[in-house]
Amino acid sequence: MTLPNFLIIGVQKSGTTSIYNYLKQHPQIYMSPVKETNFLSRDWEKNPATKSQSVAPKIDSFKKYCELFDEVKDEIAIGEASPNYLFHYDISIPLIQRYVPEAKLIAILRDPTERAHSDYLMHIRDAIDTQRRNLLDQIKYSSHTSYTLRKGFYGQQLQHFYDRFDRQKIRVYLYDDLRVDAEKFMQEIYRFLEVDDNYCPDVSRRSQVAKIPKNQTINRILKKQNPLRTTVSSILKAFMPVEMRQTIRSSLIELNSDEKSIVKITPEEREALVEFYRHDILQLQDLIDRDLSAWLKV
């Protein structure tokens, strides 16, 4: 039975999909064919999966988790990337200790203010919780319950991992460094994983370049289940194959999309978020011995 000897534990909106793909390119690395297995962020024995409308099957048993690594041959580093493990540290830590206690742990961290803004725009893009408050209102009214905000407390979360695991097996990398020199960034990770660090991955293509909808009403119709979408789908189903229907829907979504970069974080939002995360950023700075003063600039 083969299991991972390294995990990417965090965080969302920090380039983890691109990093996952760059790791897959290395001939001495095997990555789970399912990104974000999330197996170690929920105790499936105590909390079995409920029926879901999701197309993707859940990795909800140890057997299914093991099967993800059945194709391992002679690779040196075997891994998976589930960037919510850091956030769900209270559940993931005991499960990592149970199933893969010797695994190396990698966290990719991004300026929490930028990460929160990116996460917020992702929810708009995917028509998730369309009544969601804006970032300023989330800070003011729901800071204790907002996942978007709470995911940015890296220092607090990482401290729990440092308390429970050998620090030599934990590496923290910054998204800022990935953006400056992706090839050098990846070679540092290769070195940590003890594979050939002279390997040069093709980093010319970034994954998940985010976009936002031009019209939110059209976006909700295309993204969420609703009577209009169900009716149109039923009519088209009679004479159009599913692949063609999906292509048309994807094209309509693309036509209704703009580059995320046109929606800038406002000065008021940045000031409020920097103050919100200030204490944790200072804690993290000491924890990882990196200068994070750029994250504190308003």
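A cavity, on a 1 Å grid over the protein atoms alone, is a set of points where a 1.4 Å probe fits but cannot get out.

You're looking at a predicted model, where local features need pLDDT of at least 70, side-chain atom pairs count only at pLDDT 80 or more, and totals for chains, interfaces and linings use all residues. Residues are numbered from 1 along each chain as its sequence is written, and side-chain values use heavy atoms, with hydrogens and water left out.

**First stop: the cavity.** Select Val11, Gln12, Pro83, Asn84, Leu86, Phe87, Arg115, Lys151 and Gln157 to see its lining (residues with an atom within 4 Å of a point).

**Next: Glu45 and Arg98.** These two form a salt bridge (a side-chain nitrogen of Lys or Arg within 4 Å of a carboxyl oxygen of Asp or Glu), with the closest N and O atoms 3.9 Å apart. Glu45 sits in the loop between β2 (29–31) and α2 (62–67) and Arg98 in helix α3 (residues 89–99), so the pair ties together parts 53 residues apart in sequence. Helices (H or I, at least four residues) and strands (E, at least two) are DSSP runs, numbered from the N terminus.

**Last stop: Lys169 and Glu102.** Their side chains meet in a salt bridge at 2.5 Å, N to O. In all, the count comes to 13 salt bridges.

Notes: 1 Å grid on protein atoms, 1.4 Å probe; cavity = no way out; pocket = protein on both sides within 12 Å on 5 of 7 lines; lining within 4 Å.
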